[in-house]
Amino acid sequence: MTIDFSGQVAIVTGGANGLGREYALALAKRRARVMVNDLGCDSSGRGNDVGAVEQVVQEIRNGGGEALSSDCSVTDNAGVLDMVERTVRQWGRVDILINNAGILQSGYFARAAMADFRQVVEVNLIGSALCSHAVWHHMRRQGFGRILMTTSEGALYPVPGAASYAAAKLGLVGLMNALSAEGRRDGICVNTIAPAAATRMTRDIVGTADLARMDTATVVAAALYLVSAEAPSGAILAAGAKRYERAYITHTQGLELPELSLQPEGVGAHFEAISDRFGDEAPQGFHAVARGHLISPGDSR
Ligand SMILES: NC(=O)c1ccc[n+]([C@@H]2O[C@H](COP(=O)([O-])OP(=O)(O)OC[C@H]3O[C@@H](n4cnc5c(N)ncnc54)[C@H](O)[C@@H]3O)[C@@H](O)[C@H]2O)c1
């Protein structure tokens, strides 16, 4: 099965550098028409080099592809709506959105400035929500859509030194979960990638030996699969250094305690048994209350 995006239209945010640039070029190579968005900031969100996105658009056109550019921030709702409208006016549809634009501000929580924390959440989480919302009704109308969120292993697992980034990036998993459930009936699949690649974002925080193994091709292959017609929905796929692993949020089998043990001491006494991972499950909806009897979304409203 060859994955081909002929006739399809993609939007890639943060497409001027790093992974976004590679996604945009790879989608165009497989015949997608691509709207490349980028504010042109550094990896912590500072600066504004609007020329960077034009270079990628030019590169696609030089290769015989079709591309447009948008230099708005993904946090600028009016700019995002305009970007999506221009895309649809030019090409009549929007099939794929890769929410790739992201910034990282490292530092321990004790010394974090809350204005900076808010900016990281704003770009990574709210920016992805604004872009997803702007394409959503077009995808519903078409009965087809593919949206990719970008998380990080630094958010899926306990890693110190970037609390704002971890909070925002795990928020995207929640957004994916909800949108994949809501999009199913309209042919919209929503997935999440957890990449590991040598880019300017990782250059200063990953050791040289690991960086040398962190090719971008591994990540690009996963991303393109996750936005293809064959894509699953609701998957978190870690990709890096020629390896792919799927991440799940799981529940343990747990314990139902007798009435007398429903005290903090009772929970403490049984915490080890409650935490036993034997027979872990990855629930597909509300789970803890009605184990084995999933509450459907309709029941829970
Ligand atoms: N490289 C990795 O190993 C790695 C690991 C985990 C997650 N990620 C995530 O993957 C994505 C791509 O990262 P990268 O390594 O290519 O970094 P990068 O810094 O090379 O690229 C990020 C791009 O996003 C753009 N951008 C930032 N804020 C924006 C905004 N508000 N509006 C529009 N564009 C904006 C930047 O200008 C830049 O071109 C990011 O979301 C990042 O958090 C990367």
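Colleague: Is Gly47 buried or exposed?

Modeller: A word on the source: this is a predicted model, in which local features need pLDDT of at least 70 and side-chain atom pairs count only at pLDDT 80 or more, while totals for chains, interfaces and linings use all residues. Residues are numbered from 1 along each chain as its sequence is written, and side-chain values use heavy atoms, with hydrogens and water left out. Buried means under 20% relative accessible area, exposed over 50%, and partly exposed in between, with a 1.4 Å probe and protein chains only. Gly47 has a relative accessibility of 53%, so Gly47 counts as exposed.

Colleague: In which loop is Gly47 found, and with which residues is Gly47 in contact once its neighbours within four places in sequence are left aside?

Modeller: Helices (H or I, at least four residues) and strands (E, at least two) are DSSP runs numbered from the N terminus, and on that basis Gly47 belongs to the loop between S2 and H2. Contact means heavy atoms within 4.5 Å, and, leaving aside neighbours within four places in sequence, the partners of Gly47 are Gly40 and Cys41.

Colleague: Which side chain does the side chain of Ser69 join in a polar contact?

Modeller: Ser69 lies in strand S3 and, at 17% relative accessibility, counts as buried. Beyond its neighbours within four places in sequence, Ser69 is in contact with residues including Met35, Val53 and Arg86. A polar contact is a pair of N or O atoms within 3.5 Å, where within protein one must be able to donate a hydrogen and the other to accept it, and residues adjacent in sequence count only if both atoms are side-chain atoms. At 2.7 Å, the side-chain partner of Ser69 is Glu54.

Colleague: How far apart are the end C-alpha atoms of helix H1?

Modeller: The expected span of a helix is 1.5 Å times one less than its number of residues. Helix H1 (residues 18-29) has 12 residues and should therefore span 16 Å, which agrees with the separation of its end C-alpha atoms, 17 Å.

Colleague: Are H1 and H2 roughly parallel or roughly antiparallel to each other?

Modeller: Axes are lines fitted to C-alpha atoms, for helices over the stretch in contact, and angles run from 0 to 180 degrees between N-to-C directions; H1 and H2 pack at about 20 degrees with their axes 10 Å apart. The meeting residues are Arg21, Ala24, Leu25 and Ala28 in H1 with Val56, Glu59 and Ile60 in H2. Angles under 35 degrees count as roughly parallel, over 145 as roughly antiparallel, 65 to 115 as roughly perpendicular and the rest as oblique. H1 and H2 are therefore roughly parallel.

Colleague: Which residue caps the N-terminal end of H3?

Modeller: Helix H3 (residues 77-91) has 15 residues and reaches 21 Å from its first C-alpha to its last, close to the 21 Å expected. At the N-terminal end, a side-chain oxygen lies 3.2 Å from the backbone nitrogen of Ala78, and the capping residue is Asp76.

Colleague: At what angle do H3 and H4 pack?

Modeller: Residues of H3 including Val80, Met83, Val84 and Val88 are buried, and H4 (114-142) is among the elements that cover the buried residues of H3. H3 and H4 are roughly parallel to each other, with axes 8 Å apart and a packing angle of about 30 degrees.

Colleague: Which side chain makes a polar contact with the side chain of Gln253?

Modeller: Gln253 lies in the loop between strand S8 (243-247) and helix H10 (264-269) and is partly exposed, at 36% relative accessible area. Its side chain reaches the backbone oxygen of Gly279 at 2.8 Å. The side-chain partner of Gln253, at 2.8 Å, is Glu281.
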